[in-house]
Amino acid sequence: SSSSSSSSSKSSNHSKHSGSSSSSSSNSSSNSSSSSSSSSNSSIFAGGNRLQQTEVPAQALAHSLNRSLPAFAAASRAKGPVRVARGAESSVGGGKRFGIDSEAGEETGKVVSECFLTAKVHSGSNKEKVCPQECPFYVQDRQDWDFCTFACVPETHCSQYNPETPIADKDIGFCRSCTVAACEECDNSVNFDQCSKCSPGYYLKDGECWFKYGGDWVWVTAGILAGVVLLVAVWLIEWGFRPTTNQAGLDHALLQRERCKLKMKKEGTGERKEFPLTTNLLKEQVAGPGMTLHFNFQVFLMIWAVFVAIVWVCFAAFIDEDLWRLGTRKFGTPRENCILVMWGYERQQDLMWTKVAFLWIVYIGSFSMCMAYGIYQLRCFQGVDHQNKTMKDFVAMVTGLPAIPGFKDVEGELKKCLENTTGQSLVGVSVAWDWQEHQEAVETALEEDLNERVFLGGPSGVEDNDGQEMGFMRSTFYKMERGLLGLGEEGGSVRQDDGFGQGALAATGGSDELPIEQMLQELHTSPRAFAVFETQEAKERAVAAVADLSGFEFEGASGIALEELEAEPDTVQWIYYGHSTRSQKIVRLVAGFGCIILACLFWAVVFYAPYAYYVMTFNYENGREPGFIVGFAFSMIVVVGNAIMYEVCARISDKVGFQFKDDKEACYMILYTIACLFNVALDFVTTYYTAEKVMEGLGFVSYFGTPLADIHHFTTKFETYGMQRSLAENTYSYAFPSTYLIPFLIEPAPTILAPLLLGRLIVRTHPEVQGKEAEEWMAMADMEMGRYADLLLNVILGILIFYFPGGYTWMLFLAMAVSHLWIYAFDHYRVLRSVPACTFAAYDIEWWCQAMLAPIMGIIASCLAFKGNCEPGMYCLTGFPLIATCSFAWLMHTIFHTACLIYLVPMCGKRLPDEDPAAHETFTSLSQRVPCNWFTANPIWCLRSKFKFKHAPACSFYQLGKERYMKYSPKTGCFFDEQDASPIVSNMDVKFKN
């Protein structure tokens, strides 16, 4: 035992010199020198001309190699690659046994030109070397106790050296196992492709594996689906060739669509034009400062991605060219894989200092850029706010109101109470009412009120032909369309404007008159109301006065507060007042997370599981990989997963009951990011276990010869080069183009083109679709801030590549920058041409986006802790302590980054100017140009103005695209009249360039 141990120790000591020499240079003299200095019992001449005479027992070798991996790693980095040169002349497989230095001389052809000689490959071996014609096939010598040993043999000797590879493949020049799809065990008794045992879910027939659950039902299902697709195609083609029978309805809907777009202020001619496509959305305020901040964020991420790519390119160009290749070289035959693992491990360890230095530069640079970006965004937002006045500058929120019935004059009494308490004059009070249970009745009453203001004549007498004058096929399709889409079923009537102030009323059916007066009497107030002042100074003095009094009393309730508000009236969701307490929101959010988990499970089972099962049962022998169709299917699975999360999170954020649109968008952004992370986590877990199974099935070993199946520590297995290279490729494939580009190339079709084309078809060919119904079919999708989550997910996927060899780093981050450039161009067009006018007024969404960057950038700190492990002068951990260290680094960064956002960034904001540049602006002057204010946006106030207070004219409810029908009524708070003003749709259109 002691003799074996001593021999092993000597052999290992010798190998450190010979291995290092062979990997760095082919100089035979260094090998000879290293060999002669080892011991008197063993010597190896360069080129393998002389055989090593000392045979090391396998047990002693295993004992010497079973030291801890960190110790080996430290030794490797300090003294060069650790390779074990050993072997003895023997009769294995009828040939001779050579040590590592046999391959060192392969360039001269002195050893590998002979057949039946077992040679051990190393990192410097020629991967392209082929066997001689008399024995043209490489075979892995599994009868040898060493690893990564190969011999050149004729076809008949493949199974003698490795019983599991009896097939001589002339295409690759290698003895291989069978390549039968879904085969778990090959039939090694024959020298052709034949399986003996199939993977679960498949059955064996004639040496091939067939899907067990296939059969006639598959063909029947495929036939049904093909028939449905054919029917839909015929339907759409026939629909597209139908004559236009509703040109008036189509013109009306298209005109309304145009009126809803973001527009510039009126010119001298009175025309409001679209913003030109050359508008700089980084400066121009078209939809509030929140939109400008959003586009700034997109540009920031492009700059950051280019920064990371440039840093890695500089390292690769000026330090070592292998940094371009690490992690990108393809797997192949077992011999090529052995060379790849040895080369990759040695180069990765030799160049680990560059990876650590790169991560330090990226980490410090990224954090600094995040702080600079946060300061810039805050100052940008404050600069816009200081230079302009909008509706939020004239309002204060009243909180703590008791529930007051609707038969009282709540607005008038509360206005008097506030004026007496604060000493300031108010324009009025807009109360938020609890009316969610009466939503349908309220919306119907508002629509009827609009009809009354629009009405200029009787019904146009539009006929419903119901398909009587059509052929059988067209008539059938026509009736199916009406039934499936519910066309012509909406009640009410809306005048169709021809754009010149003239038009006819299109009847869409009648509706029963609702007892709206009774409903308004029975409503109760919510705890909140909006007190509107004529000037900003009056508002600020009123807020200060109530704060000095610690609140005021009203209707028996005390402690009612008056607070500043950072919101615009068109961002208020009036329907959620009275039904959205904090506890109710928390309960709905918890339920929402449950829905997200269920949606993830649905996606995993229905879409992802079949793909995962296929790739896990695929035969990866000799470098075989799934084809293009599988890769494309994976991309579509990612797209579908993100689309499911998009829809689920949108519905959850709507149902939570946020009272302001900006809060809803912030919640949606956070939920969508978390949901997509669930998808990513699930995919990466599956990817890890798939890679593990594939690597183990192909017989991969660690650099030190330990089979992956025998490595039981997660961190140890994760650090093996085979796993690192496989996970790097999978991460790159997942990110680009599957996540970075394909979803956004597809996005214009389902979000813009398909709805527009379908809406035109419906309205153009169905005369019964008129007025509001036609407008709804041609309406554009609302703008939302889910793009923040899309981009944050891209950043996460980019950072994950840092855990692996860096060959993909520069490619991935340049791909991120290019993909984000496309996203920016698409969003630029969408905002200016394909979304209804909107306002994003608050800073909340942007702040939460920056807060989400804190844990994301913390991943870089975690990766730095991982890659710095066992570096000179650093700690050397494995297993759970290493995972805990990485997690601690992530947590500390997240806390520090968040603290900087809360305390440091606000200290660098802008100060209020000494003189208010918009001091001349008052609520009345602004309301004359902006149709949406705190009164016209409140649906219940508009109805109370008409039915309770009998104002003539009553306060007109603001509806996008219908501003021209609003009536001037100063006593109700409606100062807008398009006849005498230069109207603009968005409150934020009054802002100047930043």
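Visitor: What is the handedness of the disulfide of Cys 115 and Cys 135?

Guide: The model is a predicted one. In it, a disulfide joins Cys 115 to Cys 135, with an S to S distance of 1.9 Å. The torsion about this S-S bond is about -85°, so the disulfide is left-handed.

Visitor: How many residues apart are Cys 115 and Cys 135?

Guide: Cys 115 sits in the loop between helix 5 (101-104) and strand 2 (117-120). Cys 135 sits in the loop between strand 2 and strand 3 (137-140). The pair thus links distant parts of the chain, and the separation is 20 residues.

Visitor: Is Cys 135 buried or exposed?

Guide: The cut-off for a buried residue is under 20% relative accessible area. Because its relative accessibility is 0%, Cys 135 counts as buried.

Visitor: How many residues apart are Cys 148 and Cys 338?

Guide: A disulfide joins Cys 148 to Cys 338, S to S 2.2 Å, and its torsion of about -85° makes the link left-handed. Cys 148 is in the loop between strand 3 and strand 4 (149-153), whereas Cys 338 is in helix 11 (residues 334-350). Both Cys 148 and Cys 338 are buried.

Visitor: Which parts does the disulfide of Cys 158 and Cys 175 tie together?

Guide: The sulfur atoms of Cys 158 and Cys 175 are 2.0 Å apart and form a disulfide. With -60° about the S-S bond, this link is left-handed. Cys 158 and Cys 175 are 17 residues apart in sequence, so the pair ties together parts that lie in helix 6 (residues 158-161) and strand 6 (residues 174-176).

Visitor: How many disulfides does the structure hold?

Guide: The pairs discussed above include Cys 115 with Cys 135 and Cys 148 with Cys 338. The total for the structure is 8 disulfides.

Visitor: Are helix 18 and helix 19 roughly parallel or antiparallel?

Guide: The axes of helix 18 (residues 582-617) and helix 19 (residues 628-656) come within 10 Å and cross at roughly 170°. By class, their contact has 22 nonpolar, 2 polar and 3 charged residues. Angles over 145 degrees count as roughly antiparallel. The two helices are therefore roughly antiparallel.

Visitor: How far apart are the end C-alpha atoms of helix 20?

Guide: Helix 20 (residues 661-697) has 37 residues, of which 26 are buried, and Gly 699, with a positive phi near 75°, follows it. At 1.5 Å a residue, the helix should span 54 Å. The end C-alpha atoms agree with this, because their separation is 53 Å.

Visitor: Which strands stand at the edges of the open sheet of 5 strands?

Guide: The order of this sheet is 12-15-11-17-16, with antiparallel pairing. Neighbouring strands are turned by 35° against each other on average, direction ignored. Each edge strand has a single partner, so one side of each is left without a neighbour in the sheet; these are strand 12 (426-434) and strand 16 (552-554).

Visitor: Which residue stands opposite Phe 552?

Guide: Strand 16 pairs with strand 17 (residues 557-564) in the antiparallel sense over 2 bridges. The residue of strand 17 opposite Phe 552 is Ile 560.

Key
Residues numbered from 1 in each chain as written. Predicted model: local features only at pLDDT ≥ 70, side-chain atom pairs only at ≥ 80, totals over all residues. Heavy atoms only, no water. Axes fitted to C-alpha atoms, helices over the stretch in contact; angles between N-to-C directions. Helix = DSSP H or I, 4+ residues; strand = E, 2+ residues; numbered from the N terminus. Parallel < 35°, antiparallel > 145°, perpendicular 65-115°, else oblique. Nonpolar A, V, L, I, M, F, W, Y, C, P; charged D, E, K, R; others polar. Expected span 1.5 Å × (residues − 1). Buried < 20%, exposed > 50% of the residue type's maximum accessible area, 1.4 Å probe, protein only. Disulfide = S-S within 2.5 Å. Pairing = 2+ DSSP bridges.
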